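Dear colleague,

Please find below the sequence and structure that I am handing over to you. My notes on what was found follow directly after.

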Amino acid sequence: MLRYIARRLVFAIPTLLAVSIIAFIIIQLPPGDYLTTLMADWASQGGAVEAGTVAAMRERYGLDQPMYFQYYKWMAGILLHGDFGISFELGKPVTELIWSRLGFSLMLSLLTLCFVWAVAIPIGILSAVRQYSISDYVATFLAFFFLAVPDFLMALGAMYVMSVWFGQSVGGLFSPEYVDAGWSFGKLLDLANHVWLPVIVIGLGSLAALVRIMRANLLDELSKPYVTTARAKGMSEFELLIRYPVRLALNPLISTLGWILPAVISGEIIVSVVMSLPTTGPLLLRALLAQDMYLAGSLILLISVLTIIGTLISDILLAMTDPRIRLT
Amino acid sequence: MSMSNDTILKVDDLQTSFKTRTGTFKAVDGVSFELKRGKTLCVVGESGSGKSVTARSILQIVDKPGTIEGGSIVLTRQDGSQVDLARLNPRGEEIRSVRGREIAMIFQEPMSSLSPVHRIGEQIGEALRIHFGTPKAERRERVLDLLRQVEIPRPETAIDRYTFEFSGGMRQRVMIAMALACNPQILIADEPTTALDVTTQAEILDLIKRLQQSHGMSVLFITHDMGVVAEIADEVLVMYRGRVMEHGTVDEVFHAPKDDYTKRLIGSVVRLERKAEIRLKRAEIEADAAPLLEVRNMSLTFPSGLKAVDDVSLTVRPGETLGIVGESGSGKTTMGRCLLRIYDPQMGEINYRRADGTVIDMRTADKPQLKELRREVRMIFQDPVGSLSPRKTVAQIIAEPLKLAGMRGKELDERVAELMQQVGLEPAWRERYPHAFSGGQRQRIGIARAISVKPRLIIADEATSALDVSLRSQVLDLMMKLQDEMGLSYVFISHDMSVIRYMCDRVAVMYRGKLVEAGETDQVVNRPTHDYTKALLSAIPHPDPRDRRIQNRFRYVAPSASVNG
């Protein structure tokens, strides 16, 4: 098992390297760089900049060098000094900007995952056991509905409903008075009051997908001969259901963690922008618009690391729960 | 056995039906019988006769949408109290207290009937927990004891293993241990040996018999094989299309059968007792004809180090059938696949003589040569369900090799129709999909596909093992008819000596990758020289209850210290 984990970690390195290169290239793909964006901004505000100043700035930021050299410098900084570079726009080290927001992103993603699993499994079971009943049709209809509605639209809709009909303050993870306050019990309570809405909005799409998968898995398992065997032992129907078919139907569900996690994280980015949450989402969007390449690159890289770790965890979980999978 | 005449289970006018879109299908239609204490009642019939549904009705575990419509199933408990199982709520507590405790059941597919992700000890001990609430430590002791009773080697380690770590026979022993956990009075066995090879079947039948005697159980044994019935039954119930055709003691049924259907069932087993008529009539094959296939010292070692084929040499003459016989794991299937180069043997020669007289070593043949040769050497598979694509019509399946050979249009259609006729299928069924056909018909489709490009040699791997006994001889007869019409040669791989005896001219016996005996079929069957061959022969169920052989059969133990998995 340990050897398997070690090997998977080693395999993750080239993946991450590839992700960082692709992220870097994509950020650079739009014509121009951070300085052209900056010039355009200044020009629109009526200011003019001398050509000499621009050239000097370009040299200072290292933007005059070829792309592979810029990439090399960035990577070397990360690997040797843990230095993710500097945000051009905000003039601060990237590390300083990211960490607090990354924590919220992670928390939001994990909460969403827990929510999705906790709700999807019972609904999926109900839907399969009462196949073609009213509850199955309702679950199926809602599942397809939420699968079809995009995240941002759901966020807008939810915010509208909450603020207009229920008069709740929406947007953000905290009420104004707690945003800059230190951590306290009150702040935690405030967080709990705010966090559930984004969790539901981000999770609904994946939730719907998982309900469908759980239902299909379980329907396959319910007709297997080992269910009859267990029934012939005298086991009660409920114990039988949980102990055998549900237990087996969960295995394929665990492997969905590998793609549910990226879906949740990218959904989180979009929803966070709409609901103005203090996570990495809005920061990433701004960095991309401004071609603030070190900030954007670092964010994408870190989100990829989280995704790869999530996939690894799902593989390990699957190996632990299914004895048929042999780790070599 | 003072209580031997007591009736423990009395089924009266049982009706079980399945509601479908097209109406109600009566799977069991007015079945009545009595099961006596300590005795074995065999319910026999072809697939679809309702025998399995009858068995499941007793425990009320018929698959949806089947329901018991009428009749009674009266169980007499040891204390004399009686209960009508047919009246109980199928999800209720009362029927659950009967399941596993008073009446236990074992099933046909020991692999899929056990959970793959639970340890076997847990699955065996479960009934104890449900019915007696036995504490964990005590449960483990009891499970170990059960594993010893069913003779699973090294029970202390076996208890914590998973089903896929056991062979088919061992899995069925696990099932039996599970059924015995609560000392039930009745054991219902639903085709427990059908998925096993002949030697393992004999061992499992033996085990059930011994446990029945030591536990004083009554056994309701469901099977399609009259040979098995003759070996173990006290009484027999013959079923056909949901109805009882005949009911009597085993001796009455075999020696004075009243019903035509019973006679036919017995006839299909007895036919396999000797050589096929069509073979007896045929002229001798020239012994000195140049061999079609000559295999010399072929060996294949898998990367795991397992020597699956070990120095095998054999010849196939034009127009003859060579049988390869051995139990599962003997390497016979691997050997057959080597002949087609599905596996690449590392050593030896596979010399194939083409129609023009040139000889090619298939072991070293290159890709274009192999493509040519695979048109002349073809294969028929065991599983008539898995080896036909469910998304293609019969015509498409049969036409596939012809298309690969470049045939198109009207010529192709005509050839497909002709082939279907040749194997006894209506050409009008050409647009149907495989699921619309019965097992025997599907195997005919497989045969039609194999002969479509006019091959010269066919390798048939357990071609009849998945079929009911009554269908086996039909498919074998068809294969022999085609052999005579087309001048085919067969390599016929089987674990069952009786089908080998029925159709093969010569036979080679394989054991652990080696050929241990080879010769004319008559000689090998009647005067076997190797002990393993004797063991294989004596494991065949003998369709005469007056001469039961399985219990006194000859057992083969490999000379080197053998280890059973």
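Two residues are taken to be in contact if their C-beta atoms, placed from the backbone, lie within 7 Å. On that basis, the contact between the chains draws 23 residues from chain B and 18 residues from chain A. Helix H2 (93-98) and helix H3 (120-132) of chain B are the elements that give two or more residues to the side of chain B that touches chain A; helices (H or I, at least four residues) and strands (E, at least two) are DSSP runs, numbered from the N terminus. H3(B) supplies the largest share of that side, four residues. The residues of this side of chain B comprise eleven nonpolar, six polar and six charged, where Ala, Val, Leu, Ile, Met, Phe, Trp, Tyr, Cys and Pro count as nonpolar, Asp, Glu, Lys and Arg as charged, and the others, Gly among them, as polar.

Please note that this is a predicted model, in which local features need pLDDT of at least 70 and side-chain atom pairs count only at pLDDT 80 or more, while totals for chains, interfaces and linings use all residues. Residues are numbered from 1 along each chain as its sequence is written, and chains are lettered from A and ligands numbered from 1 in the order in which they are written.

The model scores ipTM 0.78 and pTM 0.81. Chain B has an average pLDDT (the predictor's confidence in each residue, from 0 to 100) of 89, and 98% of the residues score at least 70. In residues 561-565 of chain B the pLDDT is below 50, and this stretch has five contacts in the model beyond near neighbours in sequence.

Chain A contains 13 helices and zero strands. Its C-alpha atoms fill a box of roughly 85 × 55 × 40 Å along the principal axes. Of its 328 residues, 31% count as buried; a residue is buried if 20 or more other C-beta atoms lie within 10 Å of its own, exposed if 12 or fewer, and partly exposed in between, with C-beta atoms placed from the backbone. Chain A is divided into domain 1 (34-83) and domain 2 (99-321), with bounds from an automatic or database domain assignment. The centres of these two domains, taken over C-alpha atoms, are separated by 39 Å.

Two helices of chain A deserve a comment. The end C-alpha atoms of helix H1 (residues 2-28) are 39 Å apart, which agrees with the 39 Å that its 27 residues should span at 1.5 Å a residue; the expected span is 1.5 Å times one less than the number of residues. Ser20(A), Phe24(A) and Ile27(A) are buried in H1(A), and what covers the buried residues of H1(A) includes helix H4 (67-81) and helix H13 (293-321) of chain A. Helix H8 (residues 185-222) of chain A has 38 residues, yet its end C-alpha atoms are only 47 Å apart, short of the 56 Å that a straight helix would reach. H8(A) bends by about 45 degrees at Leu204(A), the bend being the angle between axes fitted to the seven residues ending there and the seven starting there.

In chain B, Val394(B) lies in helix H14 (residues 394-404). Val394(B) counts as buried because it has 26 C-beta neighbours inside 10 Å. Leaving aside neighbours within four places in sequence, Val394(B) is in contact with Trp429(B), Arg430(B), Arg432(B), Pro434(B) and Ile445(B).

Yours sincerely
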